[in-house]
Amino acid sequence: MEVRTVILLLLLGQSVAAQIGCQPDEDNGGVDCNGTKEELSNGFENFLPVEPGEPYRIRLRKFDYLIGVNPECILGNANNYLPWLFPNGSLVIRNSSTALDASNLKLSNNAMGSAMEKVETVLNFSNIKYLSLAYNRLTELPVDSLLHFTNLEHLSLMHNPFKQYAAEWTNRPKIPNLQSLVTLDMRHCRLGVLPADFFHDVPKLQFLFLSHNYITKLPAPLFNRLHKLVHLDLSYMDSSQREEEARMENPFMKLITGMDMDSNVFQPLNRLRFLDLSHSKLDLKAFIALSSLGAKLEYVSYCYTDLPTLMDYLFQMESIKMLDLSGNLGCGRALNEMSFSLLRNSLEVLYFKNASIFNLNWMSGLRKLRVLNLRGNFLSTLEYAPFNELVSLEALDVSNNFIQSWSCRLFSNNTQMYLLNARHNNLLLITSAMLSDFEPLKYLAVGVNTIQCTCNYVYFMQMIMGNSSDVIPQPEHHLERTATEMTFSIEHLTLYDFNETDYYCMNFTGKRRVNAIELQICSREDEGGYNNISEPVNEEPLEEVVQEYLVIYVVSSLLVILALLSVFGIYWYWFYIKYFFVILKNSAILSFFNDDKLYLDKSALVEEAPFHYDVFVSYSDNDRSWVLEEMLPNLEREDQLTVCLHERDFEVGYGILENIISCMDRSRCLMLIVSESFLLSRWCQFEMHLAQHRLLETRRDELILVLLEDIPRRKCPKTLGFLMKTKTYIKWPKERTLEKELFWKRLRKALLTSKC
């Protein structure tokens, strides 16, 4: 955009008010013809104090808990505190003598400097109090241009892509000397590292907005000269964009690091009343800096800051009136009776949403608390004791929890309470105690609860909705009131979340949801009545009821017995079940044995390849001494037979199953050393079954059974019994030397015969 065009746009913008006439209410945003300031409006609610020192006008959003509405943090956003600025960066006020709007022109650094030089020949910059340079393309602070605005009070630089400051720069960026500046808006400016003297030349600054930047650290001298600062917005800092984090190899560090602060960074801010850290993740050690906050701090938001727990130094100023701790799971799980002890004389509004709170024992002593928001936690019951001391409570939000109906009054001591939100909980009944608690209220929300169609609920809905006069008259015996039945005045209540389907009740007689307004009023002798006069209950014959329950009982009993038998069978036959699946696995492996990938020794794939071992020996560890001391010397040394033992010849790094199959297939003969220990070993049992299976698969018959001891028939498994009936086995003699010689002679002959 050419400089001449820019100048023309600026001049046209400044002269609009003069050309169309002076209309302060509509065209001048609250500024009359003489420049007198009235309250400005940018379309957002103005939360600023009317006069300096007065309370902020922060709306508590009491009626925003409708479907789909979930305000996040209590302090709102910067638009609520910048009434002179529209969200698009343009100025609300357009008085040619006091305001200059250079926003949304997409000016670069050089173009902005040239434009300001030309405009200054027409306008007197010393009269400008409102200046917006928002939504341009400035990469550096326009220091030279800003120095001409000697009486500037309100400045917006938001949405300019400023360069990231590097420590090695000799010319450090800083806000120029603007002695009258009161408000500075630098949102969305890509600010990262700030020099220590960045704000040192704006001593009268009161409102500072730095949200939505990438600030990684606040150095100690940063706020040294901002003694008049009352409002500081550091929300939505995205520390994940830091260069050093982008280079981190450990992803866990990204979860625990955030914006860092010097422990004394807030110490000069003695007048600070407002601090917004919403959605700004802080480094663990940065929380210590919060202990240096001044004694005038009143409005604080730690909403979604990953605050690990509530430390005493967070509240040692003892002046906080409005506090938002929503979204901090660590705080919610570490609450105790002393958590808010320092704020018992000041805290008026507390937001603690979505923080995994399980109980309310920590609320004792908060006698000045007016608004309490506990939405979206894990509360299951409400008790009288925690609310007894909240004598100033006016509004309570416990929606989106798991709260059940209560049978004793909870809020009898909360005489100023006029709003209760219990929407989306586990309320099943509207008890008489609950009706008593509802009676003093003005606004109530109990939608989206599975409430039963009791007489109390029908009465409750029809009294509130004003339909009692249209109800079909009841028989006299239903309308008679007992001495114990209470009457409640709840016609004035407003169900501010009312949606007809959300307030349907459960009619368990018909097993469906119905509209309580259409039901007939019935007697409310207690809160447990279930009679719906519009749908009379037809009593079933006793025989049918008994038969129905009997069938359910029998079927349930059979299912339980079947489940127990299944569990017992699995436990008793676990080995066989496991063995069955192992066999399936083996079969699957063996079916692919044409694939050379399953052989540890590739030479075994060659047709008619020589065997690597003469005999594969399967034995129990308890029989190891016999194998090593008796068998090996007689076979390997004297007869030069090659014996395969699992502890010596299995290849390291492969699975046991692969080694067993490979060694069996590379052995000319298979030998089982059978003993009672062998039968008790699951691996030996597995090798015995696998040996039989492999011989059948390969059409071989070389299997030798050696019995080290007699096996009782009751201990002999079916597989071994089958082998002993179909195979000639050999027994090991215990004592006689001649029989031992005969044993080795027969065994050698069997092995040498198979070798030939």
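Student: What makes the link of C73 and C303 left-handed?
Tutor: The angle about the S-S bond of C73 and C303 is -70 degrees, and the link is left-handed. This comes from a predicted model.

Student: Why is the pair C73 and C303 called a disulfide?
Tutor: The cut-off is 2.5 Å between two cysteine sulfur atoms. The sulfur atoms of C73 and C303 are 2.1 Å apart, so the pair counts as a disulfide. The bond links distant parts of the chain, 230 residues apart: C73 is in the loop between α1 and β1, and C303 is in the loop between β10 and β11. Both cysteines, C73 and C303, are buried.

Student: How many disulfides does the structure hold?
Tutor: Two. One of them joins C453 and C505, with the sulfur atoms 1.9 Å apart.

Student: What makes the disulfide of C453 and C505 right-handed or left-handed?
Tutor: The torsion about the S-S bond of C453 and C505 is about 95 degrees, so this disulfide is right-handed. It also links distant parts of the chain: C453 lies in the loop between β16 and α9, C505 lies in strand β18, and they are 52 residues apart.

Student: Are C453 and C505 buried or exposed, and how do you know?
Tutor: Buried means under 20% relative accessible area. C453 has 3%, so C453 is buried. C505 has 0%, so C505 is buried as well.

Student: Now the salt bridges. How many does a search of the whole structure find?
Tutor: The search finds 17.

Student: Why is the contact of D197 and K174 called a salt bridge?
Tutor: The N to O distance between the side chains of D197 and K174 is 3.8 Å. A salt bridge needs a side-chain nitrogen of Lys or Arg within 4 Å of a carboxyl oxygen of Asp or Glu, so this pair passes. The residues are 23 apart in the chain, with D197 in the loop between β4 and β5 and K174 in the loop between β3 and β4. K174 and D197 also belong to a network of salt bridges with D201.

Student: What makes E298 and K321 a salt bridge?
Tutor: Their closest N and O atoms are 3.8 Å apart, and the limit is 4 Å, so E298 and K321 qualify. E298 is in the loop between β9 and β10, while K321 is in the loop between β10 and β11, 23 residues apart. At 14% relative accessibility E298 counts as buried, and at 28% K321 counts as partly exposed.

Student: How do you know that D185 and R187 form a salt bridge?
Tutor: The closest N and O atoms of D185 and R187 are 2.8 Å apart, within the 4 Å limit, so the pair is a salt bridge. Both D185 and R187 are buried.

Note on methods. Residues numbered from 1 in each chain as written. Predicted model: local features only at pLDDT ≥ 70, side-chain atom pairs only at ≥ 80, totals over all residues. Heavy atoms only, no water. Helix = DSSP H or I, 4+ residues; strand = E, 2+ residues; numbered from the N terminus. Buried < 20%, exposed > 50% of the residue type's maximum accessible area, 1.4 Å probe, protein only.
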